[in-house]
Protein chains: 6
Amino acid sequence: MTYRVTVRDHMMVAHSLPGEVFGPAQRLHGATYVVDATFRATDVDADGIVVDIGRATEELKAVLADLTYRNLDDHDELAGVVTTTEVLARLVADRLAERAHAGRLGRPAEGLDGIEVTLRESHVAWASYERRL
Amino acid sequence: MTYRVTVRDHMMVAHSLPGEVFGPAQRLHGATYVVDATFRATDVDADGIVVDIGRATEELKAVLADLTYRNLDDHDELAGVVTTTEVLARLVADRLAERAHAGRLGRPAEGLDGIEVTLRESHVAWASYERRL
Amino acid sequence: MTYRVTVRDHMMVAHSLPGEVFGPAQRLHGATYVVDATFRATDVDADGIVVDIGRATEELKAVLADLTYRNLDDHDELAGVVTTTEVLARLVADRLAERAHAGRLGRPAEGLDGIEVTLRESHVAWASYERRL
Amino acid sequence: MTYRVTVRDHMMVAHSLPGEVFGPAQRLHGATYVVDATFRATDVDADGIVVDIGRATEELKAVLADLTYRNLDDHDELAGVVTTTEVLARLVADRLAERAHAGRLGRPAEGLDGIEVTLRESHVAWASYERRL
Amino acid sequence: MTYRVTVRDHMMVAHSLPGEVFGPAQRLHGATYVVDATFRATDVDADGIVVDIGRATEELKAVLADLTYRNLDDHDELAGVVTTTEVLARLVADRLAERAHAGRLGRPAEGLDGIEVTLRESHVAWASYERRL
Amino acid sequence: MTYRVTVRDHMMVAHSLPGEVFGPAQRLHGATYVVDATFRATDVDADGIVVDIGRATEELKAVLADLTYRNLDDHDELAGVVTTTEVLARLVADRLAERAHAGRLGRPAEGLDGIEVTLRESHVAWASYERRL
């Protein structure tokens, strides 16, 4: 038995992807990432929820606030990081996990089993990262 | 190896959610839930299907018929139940499982491994429940 | 030549629809309306925009705040109003028009030609109302 | 009587938007624009079509090829242009119109009445530009 | 002032498209058309609706029932017709118009101004036909 | 920890489904399948990716090229195969797996854990097949 709750938001960033494999994406360009954050639990809590959708939405917004309307190539904490969709999905998931462990989702992180974050970069491509909590 | 088949329908309900965590949703309000029911199997049957999409659609419609166009706060079988999206996803999944075990999906329930039900409450939030059969 | 800008939000309401034509929707039930508000202009302003997407989003949220998480049957300003999707689309459009005329969209309403509001009540049905400004 | 045909593609760009009204979007950031190009005609041609969907798709791709995977702030032909979603929608529409007049859509431009281009910048905001041919 | 109501259904057909312009689509192939039927009126009726969504859904289903799960190349009434998406959109719109004039939408056709039918053939291409009533 | 990358394309086929369970779909009809191919890995490679989205898109297009704009009932390699959505999902997944093992995705297949292919046949039904690599 698994319950999941997902909330959606988005971010709009510039970046470039160094490496021949990226072809034209080696140039400075940009992306809107529509971001889905999924929280997974074996059971709901006493209120009948996995997490409070309102708080999950706020925490996701807070995580994205540090990234959106930025050129990721100039982001101090991303120096040397190749910001592919996969890597950014992990970054968002890891930061949400920190917030879960800090108790900011309302429910203690022990009650949650995992987080999955999906970044949709267009109508024809997306990537996700799934981890334990 | 896993095969999955999903059918979609919807229901439109009123309800209120008792508990401080729900904020304004403590008031009587409502929701359209777009409902995706997914059936999972290790293999397809002799006809090359997980379940008959037509029958799956009918059974999902039958399950939702008991809930849609209702105030769930006044639903006899839901007395005392906090009808969060998560809880309703489980309710729909459990009722579909009963119907699978009663043979109403055509394929014997033994041929199916599990059911997952997702309720989309808006373009930015959804919840699901996954169980074995 | 016509430019249009659209922003999306949603509201979750309970209501009942009196009148035989509504069948089961005569009972108290509910809906999520995903709301698209479109602003139309013959030309963009000096900043190259129809309206500021940020302000349009805030004004739409303000209009919906009065309706969401409510039982519309008990809403003082809607006494005697049959709150069909069409009627609610007009209500939202008219309230946005008032805000446009009050200068709350940034751009003077004289620069805008019209507003269209679409309410999506499910994945298979929606309604809209289009008016001049 | 009006017929319309629409084809979809996308582009991924970096840019900045000078002007106080743009708030954080004054910084260098980026966007995926999912682009819908609609061709409008009073009647279909002898083959029963408004335009050949295959050629419309190719021409849209050709127009977007000049913009995608670029920092629009450094694009020679866009010097001094504020590249809002509205302005980019017009740019794409005007370039498609040139191609229509050059006969590259197969059907002579005289057979077409107009073009509308919509740029979706996220799941909650989009803009369009509609013009005659 | 314009009100619009849209209902969605789908049909699954085989067909071939004679004519060099169609390239590989000259071969027998097929399509799912997700069909949106929009009814337009200057005002709502006494019940606050453009048309009864339930009846509009039934009439659309009835129109599509004659086409779905068929090879359109063998359809008696389509002999000699090139069944492009545009032509099929008109066919569905015209048949809905007949039903509107026959009073099957509940509201007299005189109360309605027009019908638009959109056929989505994939996630990247669609066509529509709009007519008066 | 699991990373996933998905790319989307589509195919348009005619076919018939022999067997009483298929009802009207026993007749020759057709479908657009919007196809999502998901590649799964425990970790990203040195470039920070699961697979190159560009190459994944090309390989998916190559696999679908053999099926699209065809009557699958006459496809030599599908003689005797009941081409349900489930079976076609497996066919596409297996062919992508062959290409992965042939090194055509850029990344060696050993770096990938699995493939999942989803075929959406309408807005209300889809099927998928998931396998190891």
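Good morning. I begin with Y69(F), which is found in the loop between helix 1 and strand 3 (70–71) of chain F. Please keep in mind throughout that this is a predicted model. What is the phi of Y69(F) near? Phi of Y69(F) is near 55°, a positive value in a residue other than glycine. As background, most residues other than glycine have a negative phi. Y69(F) has a relative accessible area of 24% and is therefore partly exposed, since that class lies between the buried limit of 20% and the exposed limit of 50%.

Y69(B) is placed in the loop between helix 1 (53–65) and strand 3 (70–71) of chain B. Its phi is near 55°, again a positive value in a residue other than glycine. Y69(B) is partly exposed, its relative accessible area being 24%.

Let us stay with chain F and turn to its helices. Two packed helices are described by the angle between their axes and the distance between the axes. For helix 1 of chain F and helix 2 of chain F, the axes come within 10 Å and cross at roughly 125°. The crossing of helix 1 of chain F and helix 2 of chain F is right-handed. Which residues make the contact? From helix 1 of chain F come E59(F), L60(F), A62(F), V63(F) and L64(F). From helix 2 of chain F come V92(F), R95(F), L96(F) and R99(F).

Side chains of opposite charge can pair when their charged atoms come close. E59(F) and R104(F) meet through their side chains in a salt bridge, at 3.7 Å from N to O. This pair links distant parts of the chain, 45 residues apart. E59(F) lies in helix 1 (residues 53–65) of chain F, and R104(F) in the loop between helix 2 (85–101) and strand 4 (114–122) of chain F. Are the two partners buried or exposed? E59(F) counts as buried, at 9% relative accessibility, while R104(F) is partly exposed, with a relative accessible area of 40%.

Salt bridges that share partners also form one network, which joins R4(A), R40(B), E116(B) and E130(B). Over all chains, a search of the whole structure finds 72 salt bridges.

A further example lies within chain A. R90(A) forms a salt bridge with D94(A), and the closest N and O atoms are 3.2 Å apart. Why are these two separated by about one helical turn? The reason is that R90(A) and D94(A) are four residues apart in helix 2 (residues 85–101) of chain A. R90(A) counts as partly exposed at 29% relative accessibility, and D94(A) is partly exposed with a relative accessible area of 22%.

Another salt bridge is formed by R4(C) with E116(D), the closest N and O atoms being 3.5 Å apart. R4(C) lies in strand 1 (residues 2–15) of chain C and E116(D) in strand 4 (residues 114–122) of chain D, so the pair joins two chains.

Finally, I consider how the chains are arranged. The same surface serves both copies, as 100% of the contact residues of chain A recur in chain D. By contrast, no contact joins chain A and chain C, whose closest C-alpha atoms lie 12 Å apart. Chain D and chain F do not touch either, their nearest C-alpha atoms being 12 Å apart.

Definitions and conventions: Residues are numbered from 1 along each chain as its sequence is written. Chains are lettered from A and ligands numbered from 1 in the order in which they are written. This is a predicted model: local features need pLDDT of at least 70, side-chain atom pairs count only at pLDDT 80 or more; totals for chains, interfaces and linings use all residues. Side-chain values use heavy atoms; hydrogens and water are left out. Contact means heavy atoms within 4.5 Å. A salt bridge is a side-chain nitrogen of Lys or Arg within 4 Å of a carboxyl oxygen of Asp or Glu. Buried means under 20% relative accessible area, exposed over 50%, partly exposed in between (1.4 Å probe, protein chains only). Axes are lines fitted to C-alpha atoms, for helices over the stretch in contact, and angles run from 0 to 180 degrees between N-to-C directions. A crossing is left-handed if the near helix is turned anticlockwise from the far one by less than a right angle, and right-handed if clockwise.
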